[in-house]
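User: Hi! I am new to protein structures and would like to learn how to read one. Could you walk me through this one step by step?

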Amino acid sequence: MTGQPAARARWFKGHTHCHSTESDGNLPPEAVARWYRDHGYSFLSITDHYILTDPAELDGIETESFILIPGTELAAIPLGQQTHTCGLNISAQLDSRRGATPAETMQMMADDIREAGGIMQVNHPNWMWGLSVDDIRPVKGAALLEVYNMGSGCNNEGDPANGRPPVEAIWDDLLTGGKVIWGVCSDDAHRYTEGHPDGPGKGWIVVKADRLTREDVMNSIEKGDFYASTGVELSDVLSTQEGISLTISPDSRSGFVTRFIGSGGKVLSEVEGLQPAYRFTGEEGYVRARVQASDGSLALTQPVWVCGHRER
Ligand SMILES: [Zn+2]
Ligand SMILES: [Zn+2]
């Protein structure tokens with residue numbers, strides 16, 4: 001596929017957050033990469049804590065249908081708040097940095113990641129209740145937000161009774177304020193054992209790109225040309241001036257319900273079936289789709305802005 005002329009864009013399943021024995025995972029990087037390669041993924045970033053895995057050092061892993069994206073996970077605890085980010089597609093290992101606040105720390109991380117040619121993913125905001133919407137909002141260059149981190153203890157659903165919103169609500173809050181930040185699902189895998197709570201294969205992204213190259217995949221991620229999933233597959237996502245339509249790949253599960261969500265996290269419409277569509281009124285701010293299968297698994301498309309101010 002590399003080397004072919006730019007043809008029709010295709011979907012590539014990939015993953016942006018996992019660990020190996022280079023930090024606190026239980027398999028060496030080669031074996032981690034092989035796990036994802038053998039389970040139908042097209043790209044992977046191994047993001048060990050402060051360790052950059054150079055794909056060139058993993059012999060015989062990359063193929064025509066599987067590529068590696070160099071990455072790392074950065075972490076600091078300003079004001080006692082766990083502040084973790086991934087640097088994806090960076091060209092050099094980054095130093096540990098800590099500012100006075102989580103926002104200041106993430107800004108330093110974002111600047112370092114950008115300088116190394118990469119983009120930043122804000123990780124598991126609700127892990128140890130580390131990051132609030134106010135911590136994330138001011139950070140320029142916070143390109144991705146881990147809306148569902150499928151590792152244990154990530155509190156994706158929040159604790160609303162104690163004033164802790166779900167991460168999806170944090171995302172909607174950021175989007176409502178005009179912040180362009182794309183939603184990601186990941187495993188944050190540490191234990192490569194079937195059925196382990198910190199095991200692989202539970203959250204991923206699917207990127208639309210012309211070719212499976214690092215450059216094309218990263219460009220699509222940066223533009224938000226992808227969807228995030230915890231188990232629902234989409235065969236098409238189409239957004240035009242008029243609206244958004246999806247095609248859900250059918251499988252053995254009985255039903256799919258799609259919510260189209262706009263500013264303030266408002267549910268604009270709820271549609272059953274495999275071909276949900278939404279027509280813009282022009283007043284929604286942004287619109288995103290959230291598909292839920294009967295077993296609870298999800299696909300999340302990226303927001304499309306219909307009106308209003310937005311910035312990165
Ligand atoms: Zn982390
Ligand atoms: Zn991690």
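Analyst: Gladly! The protein chain has five helices and 18 strands; helices (H or I, at least four residues) and strands (E, at least two) are DSSP runs, numbered from the N terminus. The radius of gyration of the chain is 18 Å, close to the 20 Å that the globule rule gives for 312 residues, so the chain is as compact as a globular protein of that length. That radius is taken over C-alpha atoms, and the globule rule is 2.2 Å times the number of residues to the power 0.38.
This is a predicted model, in which local features need pLDDT of at least 70, side-chain atom pairs count only at pLDDT 80 or more, and totals for chains, interfaces and linings use all residues. Residues are numbered from 1 along each chain as its sequence is written, while chains are lettered from A and ligands numbered from 1 in the order in which they are written.

User: What percentage of the residues of the protein chain count as buried?

Analyst: First the idea: a residue is buried if 20 or more other C-beta atoms lie within 10 Å of its own, exposed if 12 or fewer, and partly exposed in between, with C-beta atoms placed from the backbone. Here, 44% of the 312 residues count as buried.

User: Which residues does Ala110 touch?

Analyst: Contact means that the C-beta atoms of two residues, placed from the backbone, lie within 7 Å. Ala110 sits in helix α2 (residues 102-115) and is buried, with 22 other C-beta atoms within 10 Å. Leaving aside residues up to four places away in sequence, Ala110 touches Met120, Val139, Lys140, Gly141 and Ala142. As for the whole chain, among contacts between residues at least 6 apart in sequence, 62% join residues at least 24 apart.

User: Now sheets, please. What is the strand order in the open sheet of three strands?

Analyst: Strands of a sheet pair through backbone hydrogen bonds, either parallel or antiparallel. Two strands count as paired if DSSP finds at least two bridges between them. In this open sheet the order is β11-β12-β15, with antiparallel pairing. Its edge strands are β11 and β15 (277-279), each pairing on one side only.
Strands β11 (residues 234-239) and β12 (residues 243-248) pair over five bridges, and a hairpin joins them through three residues. Ser239 has Ile244 in β12 as its bridge partner. On to the other pair: three bridges join β12 to β15, where Gly243 is partnered by Arg279.

User: Where do Leu79 and Met128 lie, and what is their phi?

Analyst: Leu79 lies in the loop between β4 (71-76) and β5 (83-88), and its phi is near 50°, a positive value in a residue other than glycine. Leu79 is partly exposed, with 13 other C-beta atoms within 10 Å.
Met128 is in the loop between β6 (119-122) and α3. Met128 has a positive phi of about 55° although it is not a glycine, and it counts as partly exposed with 15 C-beta neighbours inside 10 Å.
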